[in-house]
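Biologist: Please set out the model that we are to discuss, so that its fold and some of its residues can be examined in turn.

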Amino acid sequence: MSSNVRKISIGSDYKNDAMHYAVGQQVYGGHEISNILLDKADHSYNIYIKKNNDILPWKKFNSNMAISVEYDLEY
């Protein structure tokens, strides 16, 4: 899996009330966010986590939510 999304923030108030998810962030009991992917079929963002060699789907946010996307600028 590859993606150029580095971070997404969910919520209308970016500074105070949004939840922020970034690739490489430690979450959920020793897991690490491995990828944030856009599903073009339903315009949702999917967050995948990794522990050891297992990559699992963790969260999905649809286009009805306030989402801010930060892209990785290293090509």
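Predicted model: local features only at pLDDT ≥ 70, side-chain atom pairs only at ≥ 80, totals over all residues.

Modeller: Residues are numbered from 1 along each chain as its sequence is written, and side-chain values use heavy atoms, with hydrogens and water left out.

Biologist: How many helices and strands are there in the chain?

Modeller: Helices (H or I, at least four residues) and strands (E, at least two) are taken as DSSP runs, numbered from the N terminus. From that end, the elements run β-β-β-β-β-β-β. The count is therefore zero helices and seven strands.

Biologist: What percentage of the 75 residues of the chain count as buried?

Modeller: Buried means under 20% relative accessible area, exposed over 50%, and partly exposed in between (1.4 Å probe, protein chains only). The C-alpha trace spans about 35 × 30 × 25 Å along its principal axes. Of the 75 residues, the buried share is 28%.

Biologist: Among contacts between residues at least 6 apart in sequence, what percentage join residues at least 24 apart?

Modeller: Contact means heavy atoms within 4.5 Å. For the chain, the share asked for is 36%.

Biologist: How far apart do the centres of the positive and negative side chains lie?

Modeller: Lys and Arg count as positive and Asp and Glu as negative, with His and the chain ends not counted. Each charge is placed at NZ of Lys, CZ of Arg, CG of Asp or CD of Glu. The chain has 8 positive and 9 negative side chains, and the centres of the two sets are separated by 2 Å.

Biologist: Is Tyr28 buried or exposed?

Modeller: Tyr28 is placed in the loop between β3 (26-27) and β4 (31-39). Its phi is near 45°, a positive value in a residue other than glycine. The relative accessible area of Tyr28 is 58%, so this residue is exposed.

Biologist: Which backbone oxygen does the side chain of His31 reach?

Modeller: His31 belongs to strand β4 and counts as buried, at 12% relative accessibility. Beyond its neighbours within four places in sequence, His31 is in contact with Gln25, Gln26, Ile49, Lys50 and Lys51. At 2.7 Å, the His31 side chain reaches the backbone oxygen of Tyr28.

Biologist: Which residues does Glu32 touch, not counting those up to four places away in sequence?

Modeller: Glu32 is also found in strand β4, and its 36% relative accessibility makes it partly exposed. Its C-alpha atom is separated by 17 Å from that of Ser9, 23 residues apart along the chain. The residues that Glu32 touches are Gly24, Gln25, Gln26, Tyr48, Ile49 and Lys50.

Biologist: With which side chain does the side chain of Asp42 make a polar contact?

Modeller: Asp42 lies in the loop between β4 and β5 and is partly exposed, at 35% relative accessibility. A polar contact is a pair of N or O atoms within 3.5 Å; within protein, one must be able to donate a hydrogen and the other to accept it, and residues adjacent in sequence count only if both atoms are side-chain atoms. At 2.7 Å, the partner of Asp42 is the side chain of Ser44.

Biologist: What is the relative accessible area of His43?

Modeller: His43 is in the loop between β4 and β5 (44-51). Phi of His43 is near 55°, a positive value in a residue other than glycine. His43 is exposed, and its relative accessible area is 52%.

Biologist: What separation is found between the C-alpha atoms of Ile10 and Val69?

Modeller: Ile10 lies in strand β1 (residues 5-10) and is buried, with a relative accessible area of 9%. Not counting residues up to four places away in sequence, Ile10 touches several residues, including Phe61, Met65, Ala66 and Ile67. Ile10 and Val69 are 59 residues apart along the chain, and their C-alpha atoms are separated by 9.0 Å.
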